[in-house]
Structures are given as C-alpha cells and as structure tokens.
Amino acid sequence: MAKRVQLVLSQDISKLGKEGDLVEVAPGYARNYLMPRGLGYRATPGVLKQVERRREEERQRLEQIKQDALAMQTAIATIGLFTIKKEVGENDAIFGTVTADEVAELIKTNTSKDIDKRDIEVPPINKLGEYTVLIKLHSEVTAELKLRVA
C-alpha cells in the first residue's frame, strides 16, 4: 500500500492548502474524504499542466491589476493639486470636515475613475490649507494626493 498520495486541491482547505496546490496526503484521507467530496483529484501530468496554466493566468491577472493601479497613481500625480471648497468661519476654520467621500468624488470628477472611499486616508482637516491624502490603490501601490482646502 502506498505511503502517501499526491492530490491537487480543487478548493481551499484549512491546514492543508489552497486551490490548485499539489499536496501529499495519506491514501485513506484522499480516498475516503477528499476525493468523494470533490475537494481534490489525483495529480497526473495533464492535471499538473492545467494547474500551472491557471496559476500563470492568475499571476498575469494580478499583474494587470497592479499595472492599472500604477497608471492611476501616475494620473493622480500628473494632476498635482486638487482643490476642494468649504465654507469658512473665524480663524480660517472650516465648517464640518473633509471626508473620504468628498475626496473620492473629487478624484472621480477629475480623472473619471472610481476609488473606494475605504481606501482613502484623510488626515483631520479643520482649517484651510494644503494637506496630503493617502490613497491605497493596490496592496503594493499607494498614491499621495495633494489637497488644497479653500
């Protein structure tokens, strides 16, 4: 009887691996649990080629997302200074504050690209002036936006 069996996982399984991973498991675990439930299938040369092709497609898709984020970062840097108008009280204090929603809307009007408001870090803005807003476009790409409150 074989000591270990090689399987390719068809779903993420905690403490074992992610979808598409090649794992070695006990033959009983493979035969009685993983394969009947459709959680894994035997590793054959054809299956390994399919898995490798899927991984390459996923890597290219993630790379394209990163390139789009870099292009957006360049677009934001090219525009330079964004201006937002607020009502002003005494001592240059503004009424209310500048929110991530307002910054997202400002970016949409200037670049026609949507950015999720949860990815925007706005510092506390209570007075007129220039501020730096951080926008997380991708896990590896962060853009800095110069914001003038007038």
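**View 1. Strand S1 and its two partner strands in the predicted model.** Four of the five residues of strand S1, which spans residues 5–9, are buried, so this strand is largely enclosed by the rest of the structure. The model shown in this and the following views is predicted. S1 runs antiparallel to S2, to which it is joined by four bridges, and in this pairing glutamine 6 stands opposite glutamate 24 in S2. S1 is also joined by three bridges to strand S3, residues 40–42, again in the antiparallel sense; here leucine 9 stands opposite glycine 40 in S3.

View 2. Once its neighbours within four places in sequence are left aside, alanine 26 is in contact with Lys3 and Arg4. Valine 5, although 21 residues from alanine 26 in sequence, has its C-alpha atom 6.0 Å from the C-alpha atom of that alanine.

**View 3. The tyrosine pair of helix H1.** The count of aromatic pairs comes to one. The ring centres of tyrosine 29 and tyrosine 33 are 5.6 Å apart and their planes are at 5 degrees, so the pair is stacked, the cut-off for stacking being planes under 30 degrees apart. Both tyrosines belong to helix H1 (residues 27–34), where four residues, or about one turn of the helix, separate them. Tyrosine 29 is partly exposed, its relative accessible area being 35%, and tyrosine 33 likewise counts as partly exposed, at 34% relative accessibility.

**View 4. The stretch annotated in the UniProt record.** The unreviewed UniProt entry carries the annotation "domain: Ribosomal protein L9" over residues 17–44. In the model, the chain over residues 17–44 is 29% helix and 25% strand, and the C-alpha atoms at the ends of this stretch are 18 Å apart.

**View 5. The open sheet of four strands.** Four strands form an open sheet with mixed pairing, in the order S4-S7-S6-S5. S4 and strand S5 (120–121) stand at the edges, and each has a single partner strand, so that one side of each is left without a neighbour in the sheet. S4 and S7 run parallel and are joined by four bridges, with threonine 83 standing opposite arginine 148 in S7. S6 and S7, by contrast, run antiparallel and are joined by nine bridges; isoleucine 135 stands opposite alanine 143 in S7, and a hairpin connects S6 to S7 through two residues. S5 pairs with S6 in the antiparallel sense over two bridges, and the bridge partner of glutamate 121 in S6 is leucine 134.

**View 6. Helices H2 and H3 against the sheet.** Helix H2 lies across S4, S6 and S7, and runs at about 25 degrees to S7. Helix H3 also packs on the sheet, where it touches S4, S5, S6 and S7, and its direction makes about 120 degrees with that of S4.

View 7. Leucine 147, with residues up to four places away in sequence not counted, touches Leu81, Phe82, Ile84, Val98, Val103, Leu106, Ile125, Gly129, Glu130, Tyr131 and Val133.

View 8. In soluble globular proteins, nonpolar side chains tend to be buried together. The largest nonpolar core of this model has 21 residues, of which Ile76, Val98, Val103, Ile120, Ile135, Leu145 and Leu147 touch the most other members. At least two residues of this core are supplied by each of helix H2 (45–79), strand S4 (81–84), helix H3 (100–111), strand S6 (129–138) and strand S7 (141–149), and H3 gives the most, with five residues. Another core, of nine residues, lies apart from the largest one and includes Val23, Val25, Ala30 and Leu34.

Technical notes. Residues are numbered from 1 along each chain as its sequence is written. This is a predicted model: local features need pLDDT of at least 70, side-chain atom pairs count only at pLDDT 80 or more; totals for chains, interfaces and linings use all residues. Side-chain values use heavy atoms; hydrogens and water are left out. A nonpolar core is a set of buried Ala, Val, Leu, Ile, Met, Phe, Trp, Tyr and Cys residues joined through side-chain atoms within 4.5 Å. Buried means under 20% relative accessible area, exposed over 50%, partly exposed in between (1.4 Å probe, protein chains only). Contact means heavy atoms within 4.5 Å. Two strands pair if DSSP finds at least two bridges between them. Axes are lines fitted to C-alpha atoms, for helices over the stretch in contact, and angles run from 0 to 180 degrees between N-to-C directions. Rings of Phe, Tyr and Trp (its six-membered ring) pair if their centres lie within 6.5 Å; planes under 30 degrees apart count as stacked, over 60 as edge-to-face and the rest as tilted. UniProt positions are given in the numbering used here, feature names are shortened, and annotations may be inferred rather than shown by experiment.
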